[in-house]
Number of protein chains: 4
Amino acid sequence: MLHEECGVFGIYDRDGYDVARMTYAGLFAMQHRGQEACGIAVNRDREIYLYKNRGHVTEVFHDAELDQLKGKFAIGHVRYPAGKVTGVLNAQPLVTWYVKGQLAMAHNGAISNAAALKKELQESGAVFQTKTDTELMMHLMARERLKTGRAETALVEMMKKVEGSYSLVVMSPQKLMACRDPRGMRPLCIGKLGENTYVIASESCALDSIRAEFIRDVEPGEVIVIDENGLRSIKDNCSGNHQICIFEYVYFARSDSIIDGQSVHEARKNLGKILSETAPVEADMVFGVPDSGIDAAIGYAEASGIPYGKGMVINRYIGRTFIQPTQAERKQKVNMKLNVLKDTVKGKRVIMVDDSIVRGTTCANLVEMLREAGATEVHMRISSPPFVCPCYFGTDVPEKKELMACNYTVEEMCKKIGADSLAFFPVERLKETIPNATCGYCDGCFTGKYPYKEPEN
Amino acid sequence: MLHEECGVFGIYDRDGYDVARMTYAGLFAMQHRGQEACGIAVNRDREIYLYKNRGHVTEVFHDAELDQLKGKFAIGHVRYPAGKVTGVLNAQPLVTWYVKGQLAMAHNGAISNAAALKKELQESGAVFQTKTDTELMMHLMARERLKTGRAETALVEMMKKVEGSYSLVVMSPQKLMACRDPRGMRPLCIGKLGENTYVIASESCALDSIRAEFIRDVEPGEVIVIDENGLRSIKDNCSGNHQICIFEYVYFARSDSIIDGQSVHEARKNLGKILSETAPVEADMVFGVPDSGIDAAIGYAEASGIPYGKGMVINRYIGRTFIQPTQAERKQKVNMKLNVLKDTVKGKRVIMVDDSIVRGTTCANLVEMLREAGATEVHMRISSPPFVCPCYFGTDVPEKKELMACNYTVEEMCKKIGADSLAFFPVERLKETIPNATCGYCDGCFTGKYPYKEPEN
Amino acid sequence: MLHEECGVFGIYDRDGYDVARMTYAGLFAMQHRGQEACGIAVNRDREIYLYKNRGHVTEVFHDAELDQLKGKFAIGHVRYPAGKVTGVLNAQPLVTWYVKGQLAMAHNGAISNAAALKKELQESGAVFQTKTDTELMMHLMARERLKTGRAETALVEMMKKVEGSYSLVVMSPQKLMACRDPRGMRPLCIGKLGENTYVIASESCALDSIRAEFIRDVEPGEVIVIDENGLRSIKDNCSGNHQICIFEYVYFARSDSIIDGQSVHEARKNLGKILSETAPVEADMVFGVPDSGIDAAIGYAEASGIPYGKGMVINRYIGRTFIQPTQAERKQKVNMKLNVLKDTVKGKRVIMVDDSIVRGTTCANLVEMLREAGATEVHMRISSPPFVCPCYFGTDVPEKKELMACNYTVEEMCKKIGADSLAFFPVERLKETIPNATCGYCDGCFTGKYPYKEPEN
Amino acid sequence: MLHEECGVFGIYDRDGYDVARMTYAGLFAMQHRGQEACGIAVNRDREIYLYKNRGHVTEVFHDAELDQLKGKFAIGHVRYPAGKVTGVLNAQPLVTWYVKGQLAMAHNGAISNAAALKKELQESGAVFQTKTDTELMMHLMARERLKTGRAETALVEMMKKVEGSYSLVVMSPQKLMACRDPRGMRPLCIGKLGENTYVIASESCALDSIRAEFIRDVEPGEVIVIDENGLRSIKDNCSGNHQICIFEYVYFARSDSIIDGQSVHEARKNLGKILSETAPVEADMVFGVPDSGIDAAIGYAEASGIPYGKGMVINRYIGRTFIQPTQAERKQKVNMKLNVLKDTVKGKRVIMVDDSIVRGTTCANLVEMLREAGATEVHMRISSPPFVCPCYFGTDVPEKKELMACNYTVEEMCKKIGADSLAFFPVERLKETIPNATCGYCDGCFTGKYPYKEPEN
């Protein structure tokens, strides 16, 4: 499975609601964007209080933690999984003391010129305590702040130095700020709750979760500043082409989010629909691998007229601490997560839809299980083009040697997986799947064409 | 939501596999049958070792616990949620020292004459340490054991004293036993893994999870004995009508299980199908409330020809420790668990399918959310008849005063929920939904007609 | 180190104080009597609520647990360490439902005819769920209760069946009861707090901890009943010789407790004092191995005129989860727990006092450390006679093959330990060490003479 | 009670011992120097791995954590208690990426010109993520490193910028470094284990705990460098007067440590001895408040000829999570921690020795308990001069308004405490208590005279 790099949330409540609990709810709605760690920083009387730890939102925060985080405005973060011992040190938000007091920041995205910028800073004496791009941006902003009277100007200037994808929420003693990189590669939107509360979130589902009204997406390059006087916008960096990461629609975002005008669920249905045109096959039933293939399968079924069904069940209790029954029986894992509905697929020609193929081992297992259950034909349909290139902008794609599509033709892949047929989504038709999107998109992981320069080395 | 009372598992491996890990996997597959507590007892060289605690299977058991549970045969249990401080004391399996050494037992079901039997035992000096029916059956079996030379005979005799539903796994120093009550109200099946390993489980999905082959269901009243010499059956108590709890198909069991010959998923699709006949309505889309309404919605859509879709998203990270954002905003809970796909339902007439209505508050919220998102009509279809009677056999139905259907007509309910129409599944057609079942069923919670006498008081 | 088997506590507050918190404090003061597990059962409106778990009192109970244990009277228990997975199931108090409702019991001591009594009960159908003598006494009391109208009469009758040591606290729906075995082998005393609150505790230090006034010790064989009408006493079983376990004074009890009239600290000082007479030696300094040898060393120093000093420091942070640095360096453990004051012992002839020698390995290490630090002579004085016999009444003495004194002469032991001289306390002078005690004592672990018959097998 | 600020440990093993476990043992021996948090950073193949968390050493580190910290050299840290939510972020060691790779540092002491230095750095763009002086020194060292080819030279230069007390351990990709401030205010010593392992520790008791040989104390201003080629010393900053914190002897350090030539235990005995000369009184018994007054009491008793005894018992199980029985009964706390030996003090004139008086409330309680137990006279002797000034060098002295000695005369204090007499140690005789010390000392908290300039504001 591919990993998203994080989700961010910000809230400013002029009337003094309980911002930590709202942030908790918002982060919880975006848990799918990061399960390793999470954190909330609140601003109470111009001082910033922070709590963050490894674990899911519901594991890290309880009443005791939230009660200590009273305040008027807050930012929060969920972080993707990783395996480091020192994980909590890389958790976000980061809070620093810089020349003008405290600063808190949380980031979704990846800075492609980070290495060069870090080296430059170190050569003037800087020390880094994490491996995050957030810390780098903190340093840059601190230095810009020396030249200007306002935190938001320092943010605007900092943006000119970094390249790559970023949706940021930033908190100074008096302001909540947010910005999106000039290509708008990662989503970020604005909501409102009552008259006096503004909300910033990576995805609109986080607004829904606290019943905030969706106002609009943050524009590429735009800086949002929220304080006692309300919300204002700085558009000095708004000149690039808007190129949202297409994989937000394909996999990352939650179905119920609407990103840059386009419903994620409808985009996924469109992927299935077009796939049914480009890779049709006669069959008795279409189903999606739960949960990632469900939406596209609905679209495929509707467009093809082949009945939609449920071919597999997922065990909802799979958690982070699941133990393999025995070392010798690795194969069982798939079975413990997914199981086939035997009486439903028996004697049928089935179309199985999933969102992607990475290594191909899971697929092969599923096909085998379907055949054991008596499916007469198994047709695999993938609702994305094959991954063939790295992503430098926040998607954690495995190395080429591990990517099945980099090492085999589609025909070879089909054979290895054991399917009767296999088809990927045609990269040239991606545009049609997001008809309501107000922007272009980056499909670099499929094409190798990126909006920003690739990092050296 | 209604609660099931437990799932049981047993395994006997003549070749010395790692039975605790197999039991772990089997219980994990049946986690939906009980989330409060779980336990595993293994038999190693005729001694029984036990570990049990509150929590999900993946929370209670880790390598450390499983490594201490080496053995040749084992039984396991998952238990439904409850709110007692002393929960762990009621967890199962129970292990006792009785006249012939150790005995372990785990139970799914409810004994309807328990109060009378307990009183009788206490009046001859017995003391009880739990509130479980399991302990009662332990006492009865211990007393029967005094009159006979074999544990299994004591089990057969004990069964003659108790009334109600029970699927049991029992472990003596030398044998693994299992039995099902004479009406077979709770499911129980037998599987085989390789040549020498027998498996017993409440549901066939647990067999699948360890890739065991399904052999057959345990017959109503049958006692299974597994030891060094293999598996044998005692049918002295096999005379009753087989009446499986219909709610196993409607809600309790996992979609991928096959119980008494009938696929659970197909039964649910049939519920939707027949409902589309008995309560048809013109609409643009059918969807199921995730996850409980999905299967019936697929059946409804297929039979009616109305497109199947996804109208709502469920947050998969809802866990046991979820905190309400604020006391004042109880309403938000629904939103945090379920969210509407706005662009998908907007301007549409939708049919929303769910498995049951208990208090009606959740339903009302969902209808409101759909209308806010722009649905033009909302038709509610319930894939079960209305609950109107208590269950004495293992289903935790709320009291009548809390059951909406006990206090309002369907028309009133529809109005309260705010739907354009509301229909329940017709109780008289339940039989048609399980065409492959080899047995009759109990629908006492809908009709008040029970296979066993109701308990006094 | 030898292990004590448990401490008990009971409290009845007619005015409705917070009995769980008082019990918490009392158990905390007796933590030295049992570190494995602890529990509190309270009686609220004739129902008994229980919480118990593995761990120290401060680990098991927090505000959350205590807040759920509101009530008018309570009993509590601390339990000695053991290594079983299923520890919590053997924790106390035990709570049962017997013929007359609920019954809770907690026990300090050991029943020497338990095996025979258990067998008899099992042969009439009883099942046991723990390995505790408490459960056995519950069964016996339940059966006696059938023949009598009062719980306390059942307790009195039960006492006639069991042999061995026991200090019990018992709670029925309406009464708090306590009793001590007819030889009074384990301590138990009564205190009062204000006008209306009675307290029962294994040791008087528990009364001090809640500032309760010490009233008197419970008499051997006496049953105490406390209810709405106050405290009364039943002396039907008060006929035996009072023989307190001498090891309560030597090691088990806390220095500040006064048991059966005798200060524990003064008894220990007397042990040192007499030892200085029976095993005098010229030296520059006397010190005690912390903490067990301190009191006797003070007595030795005072009587001999040799200066008292501190020869070693103990690391107070040694806890239950301490990790050995490496497998290869087992020796380091001693050093991590105890360290020598080098500049203090250098060039000196030292007398090191400890309470007992079990295996002798720790002693040998300490002597080596003293010599390395430059002590010119090391004289070991043990403030108890050598262990040579098992204890059947609640002290967990290792097997004979592990007891150094069973396998070597004192001279050989001295050589093995590497000391310049070694002397034990003379068994015939034990009586002199407890001049204020109102009773005789059991010294069976030193002499093999026991107040009750030894168990068969 | 006053708080020490931290203990440090370093180890370099050319032969590849298990340095994390050795560090664990060393930190455990210095747990008294900091109970809030602890951490270990190891160097494996020039990369630094870190684990740190809140809690005691035995709570934070288990086999799982230590097994992930394999390496050739390591540094470790224990930190004093504090009440911040974000505690783990201030835990040490700190690990950073600076211009020459990774750098780890741990610190005991306090930098008195920190505020000015931080401001200066921030004004050139630096950002700080903790409130530690360690981070400040990291920044300074990173900047010095730009001007020089060697890490140790950067350390030497950094030392010239900071004022205050510091004992540091520092780890670069290839070297273990350590240094002590030019006044040597905090202790630091060097040990050796076998031929090839060097050890650095705040106190010699940490060397003893792993059976390392004590080599010598680090000199004031000295920098120690340990690498593949062994240990070498840089003495560029060795010009100041050596002024060890006198409170290390009075209270902070462990009795068994020898600091700058002087045994801590002997220093404490000397405090008692001199106190018996300057504040003699007729009495029947001398005892120390456990544990802080024990050593001085032994000295007092020996010098005065009044018998040494045990007047109080401390409950060893007092931990960090202790719950007060009830809000209304705050007084009970003292009783739960300390209890009087009634039969021992009854009818006696007692001298009670403690190390200091801060607020005086505890003292008053103890005196009351002694009188209740029947002591006829209570004479309080304090083995330090009265605290009257703040400490800027690592001791956490309460504010003046909370210090009893700042607000009352000795006579008034005696009356408030309820003692028959009260005497403090005479500040002018402190020198005599450390006859073997190779250095002078700082007694600023008693006199207001400090070795370094006081910080502004």
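**Ground rules**

I count residues from 1 along each chain as its sequence is written, and I letter chains from A and number ligands from 1 in the order in which they are written. As the model is predicted, local features need pLDDT of at least 70 and side-chain atom pairs count only at pLDDT 80 or more, while totals for chains, interfaces and linings use all residues; side-chain values use heavy atoms, with hydrogens and water left out.

**Entry: chain B against chain A**

Next I looked at contact, meaning heavy atoms within 4.5 Å. How many residues does each chain bring to it? Chain B gives 64 residues and chain A gives 64 residues. I also noted that 100% of the interface residues of chain B are interface residues in chain A too, so the copies meet through the same surface.

For size I turned to area. The size of an interface is often given as the accessible area lost when the parts come together. Here I use buried area, the accessible area (1.4 Å probe) that two parts lose on being put together, summed over both. Chain A and chain B bury about 5,300 Å² between them, with 56% of it on carbon and sulfur atoms.

Then came the charged pairs. I call it a salt bridge when a side-chain nitrogen of Lys or Arg is within 4 Å of a carboxyl oxygen of Asp or Glu. Between chain B and chain A I find eight salt bridges. One to look up in the structure is B:Lys310 with A:Asp295, whose closest N and O atoms are 2.5 Å apart.

I checked polar contacts as well (a pair of N or O atoms within 3.5 Å; within protein, one must be able to donate a hydrogen and the other to accept it, and residues adjacent in sequence count only if both atoms are side-chain atoms). The interface of chain B and chain A has 18 residue pairs in polar contact, both at pLDDT 80 or more.

Which element of chain B supplies the largest share of the side that touches chain A? Helix H1 (residues 19–29) does, with six residues. For elements I follow DSSP runs, numbered from the N terminus: helices are H or I with at least four residues, strands are E with at least two. By type, the side of chain B that touches chain A holds 24 nonpolar, 21 polar and 19 charged residues.

**Entry: chain B against chain C**

Chain B can also be laid on chain C, by a turn of 180° and a shift of 0.1 Å along the axis, with an RMSD of 0.1 Å. In chain B, the C-alpha nearest this axis belongs to B:Ala126, 3.3 Å from it.

In this contact I count 29 residues from chain B and 29 residues from chain C. The buried area is about 2,700 Å², and carbon and sulfur atoms give 64% of it. I looked for salt bridges across the interface of chain B and chain C and found zero. Polar contact does occur there, in eight residue pairs. Strand S3 (47–54), strand S5 (94–98) and helix H6 (133–145) of chain B each supply at least two residues of the side that touches chain C. That side divides into 15 nonpolar, nine polar and five charged residues.

**Entry: pairs without contact**

No contact joins chain A and chain C; their closest C-alpha atoms are 12 Å apart. Chain B and chain D have no contact either, with closest C-alpha atoms 12 Å apart.

**Entry: salt bridges within chains**

Over all chains, the search finds 141 salt bridges. I picked out a few.

D:Arg180 pairs with D:Asp260, the closest N and O atoms being 2.7 Å apart. The partners are 80 residues apart: D:Arg180 sits in strand S8 (residues 176–180), and D:Asp260 in the loop between strand S15 (258–259) and strand S16 (262–263). Are they buried or exposed? Both D:Arg180 and D:Asp260 are buried; buried means under 20% relative accessible area, exposed over 50%, and partly exposed in between (1.4 Å probe, protein chains only).

B:Lys119 and B:Glu123 form a salt bridge at 3.4 Å between their closest N and O atoms. B:Lys119 is exposed at 53% relative accessibility, and B:Glu123 is partly exposed at 46%.

Note on methods
Ala, Val, Leu, Ile, Met, Phe, Trp, Tyr, Cys and Pro count as nonpolar, Asp, Glu, Lys and Arg as charged, and the others, Gly among them, as polar. Copies are superposed by least squares on the C-alpha atoms of residues with pLDDT of at least 70 in both.
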